[in-house]
Amino acid sequence: MKDYRYLPGVSTLVLHVDSCVGCGSCALVCPHQVFALRDKKAAIIDLDGCMECGACALNCPVSAISVTPGVGCASYIIQTWIKGKDAVIECC
Amino acid sequence: MREIITNKGSCDCGVSGMAGLPPLPMFQPEPDDAPCCGAPPGPPASEDERPGYQLCPFVERFVETPIGQTPQVASALGVVDHFGSLKARLGINRDQYRIAPGLYSVGVAGSGSPVLVTANYKLTFDALRRELAGVDAWILVLDTRGVNVWCAAGKKTFSTEEVVRQVQRARLEEIVCHRQLILPQLAAPGVAAHRVRKACGFTVVWGPIRAADLRAFLSSDQQVEEGMRQLTFTMAERAVLIPVEISLIMKPALWILPALFVLAAVSPQVSPGLVWRRGLDLALAFGGGVFSGAVLMPLLLPWLPWRSFYLKGLLTGLLGGLAVVVGRGGMGWDAVSMVLLCMAVSSYAAMNFTGATPYASPSGVEKEMRRGIPIQIAALLATVALWVGGQFWL
């Protein structure tokens with residue numbers, strides 16, 4: 001997957017290192033190896049590899065990670081533009 | 001199926017056989033004389049058949065468990081399964097290609113066997129059981145509304161709540177003596193492992209991404225090697241997505257194609273032959289755009305320049321458009337507008353492919369759409385302007 005890179009500098013992923021307990025769940029569930037454990041704390045080592053799937057934030061037991069998860073699908077986004085974010089959207 | 005099991009338990013007849021049969025009658029009456037007409041009758045109904053239910057061809061038998069009878073499935077795929085996969089890949093009734101959620105088994109599953117959790121999209125279920133030849137395991141199928149693991153996790157139908165619900169519904173704590181669930185890693189956007197444990201006492205173990213790695217994972221004491229956690233997007237993995245991409249474009253194409261022929265009729269001299277020829281020019285430019293964006297772009301994805309898909313699509317659309325123009329012997333402004341149409345359609349189709357890739361982030365897609373869509377609209381307006389203008393004024 002390292003051969004595929006998407007647009008840099010757009011990910012909404014934020015790690016609050018202070019609250020991190022170093023359990024390593026984020027590194028385990030991330031499908032793009034965005035996290036690594038450094039000095040018993042999680043660290044973001046590849047922010048631009050993040051696809052904002054939300055697995056890390058959901059599986060962080062202390063809510064130290066925030067990300068705006070979503071569906072990276074153009075027709076879905078067009079529908080949210082037209083109908084609003086909370087609308088029931090039929091897609092892919 | 002559940003209700004039948006309950007009834008059986010309450011009759012207290014002591015039969016614990018395969019299908020809860022009533023005791024055999026004391027004597028067999030002589031069969032009546034067979035009628036002479038027609039073909040000989042087919043085989044009798046299977047003992048597992050129940051009124052109002054349909055047997056699934058992938059179920060080999062029903063095995064007795066503490067919660068009643070559960071289906072044991074074959075690990076080999078049959079002709080029906082392959083045909084079903086083909087239909088789903090072509091986008092035919094894909095939403096309905098699902099199996100009943102609940103507990104299944106493969107091999108000779110016992111109380112110590114692992115529990116694999118998966119989605120109820122039949123394609124997903126088949127991809128899983130195909131890899132389980134020689135493995136004894138339970139398969140807990142969630143109700144993901146017929147959607148695959150990763151997309152269902154994103155849509156939150158493969159969720160913490162659904163895992164807990166199905167664990168309780170299957171009374172899993174009576175089936176197995178351990179307290180462990182193996183989930184595909186790609187279910188993590190929908191399932192919080194720590195919350196599953198809190199809610200039902202089962203610990204989530206994140207298994208490999210691909211079912212193909214499951215056997216190695218299970219036989220190596222659930223060690224996940226580095227490669228098992230890494231996504232791939234090979235030529236074959238991209239190619240298999242193409243038919244669905246095209247089937248999604250077919251619906252709007254039903255009104256776009258007639259509209260193109262109407263546009264072809266806007267001309268100072270109108271004759272059926274001319275309208276047909278010019279309509280075909282536009283239709284082929286549109287078709288070329290679909291091909292360039294939904295076939296060429298996915299196939300050439302890693303080798304095309306730029307990271308934005310709309311740009312990759314513009315490039316393949318340019319190549320496709322030139323090919324159509326050369327093939328049709330297009331000239332002048334008509335040729336330019338055909339190329340522009342092809343590029344706009346290709347760019348849009350390519351941009352839509354982001355949703356099928358395993359690496360595009362929604363923030364990135366939104367960013368490229370804010371640039372791509374105005375360009376696509378401008379190319380379409382230029383197409384119409386040059387196409388019509390070329391007839392009247394240019």
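# A guided tour of chains A and B

Begin by selecting residues 272–300 of chain B: this is helix α11, which has 29 residues and reaches 39 Å from its first C-alpha to its last, close to the 42 Å expected at 1.5 Å a residue. The expected span is 1.5 Å times one less than the number of residues. Helices (H or I, at least four residues) and strands (E, at least two) are DSSP runs, numbered from the N terminus. The model is predicted: local features need pLDDT of at least 70, side-chain atom pairs count only at pLDDT 80 or more, and totals for chains, interfaces and linings use all residues. Residues are numbered from 1 along each chain as its sequence is written, chains are lettered from A and ligands numbered from 1 in the order in which they are written, and side-chain values use heavy atoms, with hydrogens and water left out.

Next, select Ser292(B), where α11(B) bends by about 35 degrees. That bend is the angle between axes fitted to the seven residues ending there and the seven starting there.

Now turn to the aromatic rings. Over all chains, a search of the whole structure finds eleven aromatic pairs. Rings of Phe, Tyr and Trp (its six-membered ring) pair if their centres lie within 6.5 Å; planes under 30 degrees apart count as stacked, over 60 as edge-to-face and the rest as tilted.

Select Tyr6(A) and Tyr359(B): their ring centres are 6.2 Å apart and their planes stand at 90 degrees, so the pair is edge-to-face. This pair crosses between chains, from the segment before β1 (14–15) of chain A to the loop between α13 (332–352) and α14 (362–392) of chain B. Are these residues buried or exposed? Tyr6(A) is buried at 3% relative accessibility, and Tyr359(B) is buried at 6%. Buried means under 20% relative accessible area, exposed over 50%, and partly exposed in between (1.4 Å probe, protein chains only).

Then select Phe233(B) and Phe353(B), a stacked pair with 6.2 Å centre to centre and 20 degrees between the planes. The two residues are 120 residues apart, and both are buried. To view the cluster linked by ring pairs, select Tyr4(A), Tyr6(A), Phe233(B), Phe309(B), Phe353(B) and Tyr359(B) together.

Finally, go to the loop between β2 (35–38) and β3 (41–44) of chain A and select Asp39(A). Asp39(A) has a positive phi of about 50 degrees although it is not a glycine, and is exposed, with a relative accessible area of 75%.
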